[in-house]
Amino acid sequence: MSLHRLTIHELREMLDGRQVSAVELTRDVLQRIEKVEDRVKAYITLDPEGALKRAEAADTELKMGTGGSLCGIPLSIKDVLCTDGMRTTCGSRILENFVPPYDATSIVKLKEAGAVLLGKVSMDEFAMGSTSENCAFGPPRNPWGTEYICGGSSGGSAASVAADECIASLGTDTGGSIRQPASHCGVVGLKPTYGRVSRYGLVAFASSLDQVGPLTKDVTDCALMMNAISGHDAKDSTSVAQKVPDYHKALTEGLQGMKVGIPREYFIKGLDPEVETAVRQGIKSLSEAGAEIVEVSLPHTDYCVAVYYIVAPAEASSNLARYDGIRYGLRDKSSDSLLDIYKNSRSSGFGDEVKRRIIIGTYALSSGYYDAYYKKASQVRTLITEDFKKVFAACDVLASPVTPTTAWKLAEKIDDPLSVYLSDILTISANLAGIPGISVPCGFSGAGLPIGLQIQASHFQEETLLRAAYNLEQRLNISHLRPENL
Amino acid sequence: MKITPQEISHVAELARLHMSQEEVEAMALQLDDILTYVAKLNELDTEAVTPTTHAISITNAFREDDMKPSLPREKALVNGPKQNGEAFVVPRVI
């Protein structure tokens, strides 16, 4: 049997029942990586020795019966989360040799639960992008067709899960960066409510939008990962002190009495007919599972990309000021004045997309333009949030596509940043409003590329959202499918 | 809206980035595209709308001003491109 193909909950039983050891499982996943990685290119840093050591420790705990909820489960981690002693590059030359002296809180929690960290996976540089092509170390490929993008920015996370190069992964989502690659790679990806998961040790891109979340093989695993990583953290003053429910428990109830809103503005011009058909089929399944379907309106949806491409670069330009060649990261050795160190280190360390966003953000925040851009965008952000408030008074969750199209070919849109920005139109609003959203596989295109269905809910309503996602998954019964040609 | 290469050079200076003339000109065109698109926000009257700076309404998160464990100095310095065991070293500025 191929252990690497299994889910956390399947492996949990096998590990607890001593049918398989954590070392055997980790070896199996490492062999899988060896077999497919030259085609998928999901990993930036792989740590087989460290993983096997942790697997041995997990086996000891399993023998004593003291193992946590993820004891012995091999995971990949997006290379934007700090891992103590393990290189964390953010997909950037400027952090190529950065080895954090501490763990992000979400990593501490995974380790406490007994997880085995395999290594760090690929991403767009500083999480800026929707294709993972902005990675300084080369782009990961879509396991369903290696000439296609795997989405981004958590592309390596989604690709490594879809290719069975890990059992599950941790990613981050600032404008769709978990949900969009999950959709393109046919896996489950959840962006939790802003404040649900600590951002401490997550290298900041846009601090008011960033959130850590899981990418998994099914909804049950997603709930199990959420149980492990959620909760308040004194080290992140924006994390919220709200009780963490048992997300796993919430799954199995039916959908009787649940109202599912279909936002009319999410079925836009430019929506690929194959995507629309698959998503409509998914909505029908939710209805068959007992949910009531109602049409709703989010009238400011069309403005979300414009708001995002002011707010996110503005925050990024300020967050990325820290890369100055002084305390960590690349320092240009030829410079002998402080100003030259700053300029030369930043100019040679950052890639084009990062520079572009720093320029947009600096421009939008510069003297004379602040009111016209940043303030205006923040006001429209309020209108977008109010849209959701109104809609969630009338329904429990929203169902829609995740992205307007399936994955496109590598390099196809590399010279057209605006068209790539516009492809984020269905995921960005959730970040602006701080609400949770999930992508669940709901079908395939004629070319065999996965299609995801997005479910969004109100703040801290992850239980309701996961229950809807679980019911959908049970009805469609496609989450277990894997690319067979890889 | 027309962004000039001069404006890009000024903003690049503020952001502490070097850009070649070629990069500046390409960036001027791209930024112009993006800002033209962003101008659609002006279709909305937001005169009376409070700006959102934070998606979740939480107030300041205060804590007691107590000593807590933190990174030891040698660990905090370990990634410094140039350091002397006590501090990060930079070129003379005065």
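The largest nonpolar core of this predicted model brings together 161 residues; such a core is a set of buried Ala, Val, Leu, Ile, Met, Phe, Trp, Tyr and Cys residues joined through C-beta atoms within 7 Å. A residue is buried if 20 or more other C-beta atoms, placed from the backbone, lie within 10 Å of its own. Those with the most contacts inside the core are A:Leu75, A:Val116, A:Val307, A:Tyr309, A:Ile310, A:Ile455 and A:Ala469. Helix α9 of chain A (residues 304-319) gives the largest share, eleven residues. Helices are DSSP runs of H or I with at least four residues, strands are runs of E with at least two, and both are numbered from the N terminus. Beyond its neighbours within four places in sequence, A:Leu75 is in contact (C-beta atoms within 7 Å) with residues including A:Leu110, A:Val116, A:Ile167 and A:Leu170.

Residues are numbered from 1 along each chain as its sequence is written, and chains are lettered from A in the order in which they are written. Local features need pLDDT of at least 70 and side-chain atom pairs pLDDT 80 or more, whereas totals for chains, interfaces and linings use all residues.

Turning to chain A as a whole, its secondary structure comprises 15 helices and eleven strands. Of its 486 residues, 61% are buried. The C-alpha atoms fill a box of roughly 65 × 55 × 45 Å along the principal axes.

Chain B meets chain A through 41 residues, which are in contact with 53 residues of chain A. On this side of chain B, α2(B) provides the largest share, seven residues.

Methods:
Buried ≥ 20, exposed ≤ 12 C-beta atoms within 10 Å, placed from the backbone. Contact = placed C-beta atoms within 7 Å.
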